[in-house]
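Please look over the sequence and the model below before reading the numbered points that follow.

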Amino acid sequence: MKGGKKLTELGGAFDGDALAMVKAVDADMLVEMTYTDIKTGEPATSHIRAALKRGMHVTTTNKGPLALFYHELSKLAKNTRRSSFSKER
């Protein structure tokens with residue numbers, strides 16, 4: 001986290017709600033590694049969307065959100081001037 005703070009310093013104890021944490025932290029980047037439901041891309045897709053909307057860079061280990069929502073997430077990244085996604089790999 002920015003400033004070297006701990007998760008417990010977010011104004012209370014971290015209760016396990018990763019999406020709320022993404023929306024609350026003052027960070028430059030999200031490294032997303034949650035499980036992903038193959039049909040919905042969740043919860044990873046929501047984490048990525050929230051981070052991009054807050055102007056964070058995103059790195060993910062999940063293929064699901066990109067396979068299901070590549071165009072939407074790429075557009076969000078471009079609109080917030082974050083690095084665009086690449087299909088090449």
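1. How many aromatic pairs does a search of the whole structure find? The search finds zero such pairs, where rings of Phe, Tyr and Trp (its six-membered ring) pair if their centres lie within 6.5 Å.

2. This is a predicted model, in which local features need pLDDT of at least 70, side-chain atom pairs count only at pLDDT 80 or more, and totals for chains, interfaces and linings use all residues. Residues are numbered from 1 along each chain as its sequence is written, and side-chain values use heavy atoms, with hydrogens and water left out.

3. The mean pLDDT (the predictor's confidence in each residue, from 0 to 100) is 83 for the protein, with 75% of its residues at 70 or more.

4. The axes of α2 and helix α3 (residues 64-79), which are lines fitted to C-alpha atoms over the stretch in contact, come within 11 Å and cross at roughly 10 degrees. The two helices, α2 and α3, are therefore roughly parallel to each other, a term for angles under 35 degrees on a scale from 0 to 180 degrees between N-to-C directions. Their contact (heavy atoms within 4.5 Å) includes Ile48 and Leu52 of α2 and Phe69 and Leu73 of α3.

5. Pro43, in the loop between β1 (29-32) and α2, is joined to Glu42 by a cis peptide bond with omega about 5 degrees. Leaving aside neighbours within four places in sequence, Pro43 is in contact with Thr34 and Tyr35.

Terms used. Helices (H or I, at least four residues) and strands (E, at least two) are DSSP runs, numbered from the N terminus. Angles under 35 degrees count as roughly parallel, over 145 as roughly antiparallel, 65 to 115 as roughly perpendicular and the rest as oblique. Rings of Phe, Tyr and Trp (its six-membered ring) pair if their centres lie within 6.5 Å; planes under 30 degrees apart count as stacked, over 60 as edge-to-face and the rest as tilted.
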